[in-house]
Amino acid sequence: MSFHPNDIARRARIGAILIVVLMTVLLSGFFNTQVLQHERYALQSEENRLREVPLPAPRGIIYDRKNNVIAENLPAYTVSLLSATESALKAELARLGTVIQLTPGDMQGALKRFRREPNRPTVIFPDAAIDVVAVLEEHRIDFPSLIIQSVPKRYYPDGEVVSAFVGYTSEISESELNSERFRNYKMGQQVGKGGLERQYEEILHGTEGMRFVEVDARGRVVNEAGVARPDLVPRPAPPMLTNIDMDLQRYVASVFSDTLMGGVIALDPKTGGVLAIHSGPGYDPNRFTGGIPQDYWTELNTNPKKPLYNKATQGTYPPGSSWKLVDAVIALENGIADFTTRMPQACNGGFAYGNAYFRCWDPRGHGSRDLSGAIEKSCNVYFYQLGLRIGLSRMIAGGIKLGMNERSGLDLPNEKAPRFPYGLDYFNKRYGPRGWTPGSTVINMAIGQGENSQTLASMARFYSAIASDGTAAPPSIARVTPKRERVFSLTPEQIQKLREALGRVVSPTGTAGGSAVPGLFLGGKTGTAQSGKTTPDHAWFIGMAPVHDPRIVVAVMIEYGGHGWQAARVASRVAAKYLNIPHPADRAPMGPAIGDANDGSVLATPVPPAGITATP
Amino acid sequence: MARRIVADYPLVLTALALSLLGSAMVYSAGRTDVPTYVAGLYKPQIVWVILGLLTAYGVSRTSVRLIQWLTVPAYLLSLILLALTLVIGTGAGTAAGTKSWLAIGGVRIGQPAELAKVTVVLMLAQVLAARRESPSSLLDLWKPAIIVAVPWLMIMAQPDLGSGIAFIGIFFAMLYWSGVAWPLLLLLASPAISLVLSFSTGLWGAWFLVLLALVLYYRPFLVEGIVLMLANVATGVVAPVLWEKLKPYQQNRLRVFIDPSFDPKASGYQVIQSKISIGSGGLFGKGFTEGTQKRLAFLPAQHTDFIFAVLGEELGFIGVMFTLTLLTVLLLRATKIAARANDAFGGLVAFGLMASWLVHVIVNVGMTLNLMPITGIPLPFFSYGGSFMLATWLAVGILLRISGEGRGRAGARVN
């Protein structure tokens with residue numbers, strides 16, 4: 001009988017055991033998941049619901065020496081999307097496209113950012129226009145995974161005036177991300193792209209903060225700001241102090257009009273501090289922030305005056321007669337000449353060496369002169385002979401010792417090193433052992449031509465050593481403790497005499513006489529360097545004022561500027577402005593344009609036999 | 001009336017407690033940060049619980065005899081409803097692609113499968129109780145097999161895999177209760193086992209040897225034995241064909257059961273999120289209505305199939321232990337009622353209803369931990385759904401009556 005009570009009781013017992021066993025298996029499963037593996041699942045649950053939204057730190061504000069603002073931060077808006085998958089992002093972008101205008105470029109950019117950093121919000125507009133933000137805020141409810149953030153945006157109040165040194169910021173590029181320097185950076189972050197912004201990026205960028213927003217399974221933001229987990233507040237970078245004098249910087253930019261190409265560096269010779277640095281023509285770094293507009297980029301790149309090329313730190317030019325001070329220092333240091341030394345052959349407009357004839361810039365000749373007098377008149381014939389006395393080996397060794405083959409150490413990225421021979425071998429390699437002669441080579445080098453091109457920065461550094469005691473600190477835009485290094489060893493009297501000679505250059509009898517300003521006591525050296533067979537010469541002037549105790553060194557180089565005195569006119573105005581000396585050119589509202597030969601100087605007419613030009 | 005029926009308090013109180021907890025979880029399931037239609041579902045759920053209580057009370061006032069008398073009409077009615085559902089049924093909610101709902105003029109009346117679970121139990125009990133001997137051969141089982149097979153096939157055609165599994169559980173449990181020997185049950189189940197094992201030739205071969213030994217030991221009729229072996233060979237052969245016939249989502253569900261990371265974004269998603277919900281609940285849970293997985297919609301079907309994951313996340317291991325204990329008490333109580341039943345019919349009905357709950361609990365709760373494949377089976381007293389709640393309390397009512405009429409002490413006093 002199948003339903004005997006004993007059978008029933010047995011079946012019930014087995015059934016009960018089965019129930020208890022099955023439920024125990026279930027319960028142990030929960031024990032394993034909830035107690036033993038709790039940590040793991042708790043973590044996964046947090047990862048599920050929290051998304052990190054980076055909060056960019058304001059970059060350090062850059063000040064000049066008088067606490068004028070060079071670079072600051074303005075509020076801007078970024079628009080990003082939180083998407084779990086690429087297809088979700090695409091769908092969301094398509095939806096977004098019905099509300100606002102999205103170019104294919106915007107979409108591609110967003111997808112690229114997503115693939116690189118899928119866990120960060122995907123930036124759609126790094127710098128959204130206010131009307132776009134307004135439209136999106138209106139449709140906020142339709143786009144729950146949209147994040148509109150107020151972020152600091154770099155702004156340079158003086159724009160183009162500071163383009164030579166400030167650089168700009170923009171989104172970090174793919175290749176930068178792959179480099180060692182930026183290994184801690186993330187896609188979508190802003191990074192300094194040039195100038196100070198690049199040089200001091202590590203100091204200026206601050207510490208990014210983090211906001212944790214809670215999202216649901218579809219990536220919709222459910223709780224913003226601090227509800228899920230408190231924000232990590234971004235730490236702004238400390239302010240950055242510089243040696244720049246913005247009043248002077250603005251003045252330099254205004255004097256150095258847009259039609260001119262070239263550069264200016266003004267230094268404080270005591271500290272090496274850069275008071276002003278300009279490269280003309282410049283560009284507006286504000287237009288570079290957050291992506292350069294294509295038309296502006298094309299315009300800058302096709303401009304024959306190369307606005308993106310820094311003439312003060314990247315351009316190398318033959319120094320011309322401004323090099324004659326280097327000759328003088330080498331001769332004095334080596335005891336080859338003193339200030340009274342006269343050369344065997346007086347200047348009668350030219351100098352015969354071997355079977356070549358080297359002309360002086362003034363065919364009338366300068367007669368017999370001592371070193372100071374030769375500097376005053378920039379007499380080529382004197383320096384041809386001085387060069388021969390120094391000799392090529394000592395000329396090259398002396399130049400290297402003075403650091404004329406190295407970067408000046410100016411704190412800007414991408415400074416070019418001057419082109420300067422490393423030894424006699426250089427010429428053997430270049431021209432073959434019989435392809436050149438030391439004599440004519442040193443004659444050429446003595447007047448700053450030939451195998452020698454210098455940057456404005458390295459020449460400014462050399463002259464600032466003359467303006468002090470033979471030592472100079474590397475030119476520095478950032479306000480740092482100067483590290484002075486000895487450039488040459490001359491007695492204070494010798495240096496004083498060199499400066500007196502430079503003062504005579506800017507006297508009625510000197511080559512830059514037209515730039516003399518009462519009370520300014522400007523001293524300096526002109527240079528008119530050959531640029532090519534058909535193009536006008538480059539104009540150099542490196543000066544200091546007041547010449548007996550220089551407080552400013554001004555180096556000016558005007559590409560194709562014609563004659564050195566034209567650069568001297570710029571330098572005299574800059575130095576006068578800095579020292580608060582009234583300058584005649586500023587008194588007349590429409591001062592004579594640079595290039596008007598109304599100061600009595602005589603333009604050199606280069607006569608280059610055997611490829612040689614003499615320059616004042 | 002010769003006897004005064006006194007309520008089976010352990011059964012009623014346990015069922016009430018589970019219903020209260022279940023309604024609370026349906027309420028919590030609706031508390032999401034982005035509100036959905038689930039937010040208001042706790043209200044109808046409470047109405048269904050009240051209707052269920054009334055049903056149970058009504059049924060408990062009905063004698064077992066009357067219930068037995070009503071069995072055949074009720075069974076036929078549920079067959080008609082199932083047939084109707086196949087013709088005019090619609091899908092709904094998390095099972096939108098199926099035809100599980102009986103709808104008239106767009107108004108969903110209910111899920112006939114839930115009623116059928118009860119009527120099939122009654123009908124099986126009727127047939128099995130009528131026998132003087134336990135079924136001792138496969139041929140003896142043709143009647144019960146047909147009673148289950150007809151509604152089962154209609155339900156599988158909807159398709160509603162979860163209910164289908166429940167029917168099979170009920171069938172085997174009731175055969176067991178009626179005294180069918182273990183080996184016979186095993187032989188009966190053998191084609192299904194072949195179906196599963198045929199995916200590995202080695203395993204299938206081994207199973208075949210076991211089966212052969214069983215057949216020799218049990219010595220069924222010759223024809224029976226041959227048919228059985230042929231059936232095993234046949235299912236083994238058609239298994240790959242059947243696999244091909246499965247819809248991709250069904251295939252994926254089975255694959256995901258083996259390895260949830262196989263398809264983490266789609267089929268595996270539910271299981272992964274369910275485990276994260278439960279695991280992140282820890283010992284004490286995140287607090288009632290506070291579960292982030294549920295709140296932020298990471299947890300799918302949080303008010304129906306995966307409601308136990310909400311419980312696990314919000315009430316923690318303590319809450320899970322409490323709930324599973326309540327369920328165990330209920331199941332053991334139902335088993336005891338079966339053992340004390342006045343006659344074979346009552347005992348079979350009670351055990352069948354218990355088995356139906358057991359299958360639902362094991363498969364549903366096991367599914368939330370990936371111990372069982374996802375089959376879309378609800379959890380009694382918890383998952384949202386009117387027909388299911390009514391059917392569950394209908395079962396409680398029947399159990400109450402059987403308990404009241406039962407022998408021995410169960411709170412029932414014999415006059």
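**Confidence and helix packing in the predicted complex**

Two residues are in contact if their C-beta atoms, placed from the backbone, lie within 7 Å. The model is predicted, so that local features need pLDDT of at least 70 and side-chain atom pairs count only at pLDDT 80 or more, whereas totals for chains, interfaces and linings use all residues. Residues are numbered from 1 along each chain as its sequence is written, and chains are lettered from A and ligands numbered from 1 in the order in which they are written.

Chain B has a mean pLDDT of 85, with 91% of its residues at 70 or more. Its confidence is highest in helix α13 (residues 307-340), at a mean of 96, and lowest in strand β1 (residues 102-104), at 69. Helices (H or I, at least four residues) and strands (E, at least two) are DSSP runs, numbered from the N terminus. For the complex, the predictor gives an ipTM of 0.91 and a pTM of 0.70.

In chain B, helix α3 (residues 64-88) packs with helix α5 (residues 142-157) at an angle of about 25 degrees, the axes being 10 Å apart. Axes are lines fitted to C-alpha atoms, for helices over the stretch in contact, and angles run from 0 to 180 degrees between N-to-C directions. α3(B) and α5(B) are therefore roughly parallel (angles under 35 degrees). S78(B), L79(B), L82(B), A83(B) and L86(B) of α3(B) meet V150(B), P151(B), M154(B), I155(B) and A157(B) of α5(B).

Conventions: Angles under 35 degrees count as roughly parallel, over 145 as roughly antiparallel, 65 to 115 as roughly perpendicular and the rest as oblique. pLDDT is the predictor's confidence in each residue, from 0 to 100.
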